[in-house]
Amino acid sequence: MRIVNKIISGGQTGADRAALDTAIKFNMPHGGWITRGRRTESGPLPGCYNLVEMASRDYPARTRKNIIDADGTIIIARGPLTGGSHLTHKIAMQAGKFLCRIDLLEQDIFEASLIIQDFIVSHHIQVLNVAGPRASHDPDIYFDVRTILQAVFYLDFLDDDEQLFQPAQMFRHAYIFPETFASVAHGLGALEQALTLRGKTLIARSENIQIGAIYFSLLDHILTGLGLDERKSHLFKLLANGRTLKEYTPEDGVMDMIKMLKEKLSKEFQLRVVTT
C-alpha cells in the first residue's frame, strides 16, 4: 500500500493495537514509542510489535513522542474525548501537528475512511500516528479501528492497484475446491492448484508491499473457495488456533493463507530461476 509508509501508535490495547495489527497484516512498517516495561493494561506488549521502549514510565511523554515523530495523527473514538485520547488531541494541537478527529457517533465506517484518506492525501502523511481509547474503555474500538483502516487501504487499492491481480486471470475456471480441508497445508495446496500459471507467477514475483492488492483482489474467491466464510469450518479453526476469536476474522484467515502461498510460490519461483 502506498497511501502511507508507516503506522505508529503507543501500543495500548484497543485503538493502538488495532492500528499495529492492521499494519502487520498488510506488511506495512509499524512502530512507535512505548513506556518502560512495554506497559499496557493487558500486560507487557509482546515482542512481535516493533515499538521502542522508553526510559520513562510516563504515558504523556510517550504520547508526545509519537505525535512529534508522525506526520499526522488520527484519533478514532466515540463521543467526547477523555483520558489519553483527550491528551493526544491537546498535545497535537499545541505542537501544531496535523490532526484528524473521527467521532464514531457521528461518522460511520465508510465516512470515517473517506475522511482519513482525504486527511492523508491532503497533508502528504507518510508516517501516521493512530490513537483512541483502550479496550477497557471501549470494547468495540479494536474492531472499528481495524475495519476503518482496512477500508482506507481498500480505497487506495481502488485508486492504484485494482487491475494488477484479476481473479479471472488468476484462477482456473474448471477447478473445484474440496469441501473440507484436513490441515492448513491441505488448504494451501488446494489454493495453489486453483491458480493458473499466470496467477502463480504474479504472486511469486510480487513485492511484499503488494500483499494488500492480492488480498483485496482475491478475497471473495478465497473466502468461498476455502470455506473460510464459515467460522465453524475446520480450516478456519486451524488458522484461528491460539488467536482471540473476537479479533481474528475469516478475512484474517484469507490473509494468512495468501502470505503462506506467496512465501511458498516465491521460493519455488527462485528455485526455478536458479536451476534454469
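User: Which residues in H1 meet which residues in H5?
Analyst: This is a predicted model, to start with. From H1, the residues are Ala15, Arg17, Ala18, Ala19, Asp21, Thr22 and Lys25. They meet Ile141, Tyr142, Val145, Arg146, Leu149, Gln150 and Phe153 in H5.

User: How do the residues of that H1 contact with H5 divide by class?
Analyst: Eight are nonpolar, two polar and four charged.

User: And at what angle do the axes of H1 and H5 cross?
Analyst: Roughly 40 degrees, and the axes come within 8 Å. That angle makes H1 oblique to H5. H1 passes H5 in a right-handed crossing.

User: What about H5 and H9, what's the angle there?
Analyst: About 90 degrees, with the axes 10 Å apart. H9 covers residues 211-225. The angle makes H5 roughly perpendicular to H9.

User: Which residues in H5 and H9 meet?
Analyst: H5 brings Gln150, Phe153, Tyr154 and Phe157. H9 brings Ala213, Tyr215, Phe216 and Ser217. By class, that contact has six nonpolar and two polar residues, with no charged ones.

User: Switching to pockets. What volume does the largest pocket have?
Analyst: About 660 Å³. Its lining has 28 residues.

User: Which of them lie nearest the centre of the largest pocket?
Analyst: Asp21, Tyr49, Tyr142, Arg146 and Glu247.

User: How does the lining of the largest pocket divide by class?
Analyst: It has 11 nonpolar, five polar and 12 charged residues.

User: OK, second largest pocket. How much space lies in it?
Analyst: About 410 Å³. That pocket is lined by 26 residues. Nearest its centre are Gly84, Ser85, Gly132, Pro133 and Arg134.

User: Which elements each supply at least two residues there?
Analyst: H2, H3 and strand S7, which spans 127-131.

User: Which helix gives the most to that lining?
Analyst: H3 does, with five residues.

User: Since H2 and H3 both came up, at what angle do they pack?
Analyst: About 50 degrees, with their axes 10 Å apart. H2 is residues 59-69 and H3 is residues 83-95. The two helices are therefore oblique to each other.

User: Is the crossing of H2 past H3 left-handed or right-handed?
Analyst: Right-handed.

User: Which residues make the contact?
Analyst: On H2, they are Pro60, Thr63, Arg64, Ile67 and Ile68. On H3, they are Leu87, Thr88, Ile91, Ala92, Gln94 and Ala95.

User: How many of those in the H2 contact with H3 are nonpolar, polar or charged?
Analyst: Seven nonpolar, three polar and one charged.

Conventions
Residues numbered from 1 in each chain as written. Predicted model: local features only at pLDDT ≥ 70, side-chain atom pairs only at ≥ 80, totals over all residues. Heavy atoms only, no water. Axes fitted to C-alpha atoms, helices over the stretch in contact; angles between N-to-C directions. Helix = DSSP H or I, 4+ residues; strand = E, 2+ residues; numbered from the N terminus. Parallel < 35°, antiparallel > 145°, perpendicular 65-115°, else oblique. Left-handed = near helix turned anticlockwise from the far one by under 90°. Contact = heavy atoms within 4.5 Å. Nonpolar A, V, L, I, M, F, W, Y, C, P; charged D, E, K, R; others polar. 1 Å grid on protein atoms, 1.4 Å probe; cavity = no way out; pocket = protein on both sides within 12 Å on 5 of 7 lines; lining within 4 Å. Points joined across faces, edges and corners; volume = space filled by probe spheres on them.
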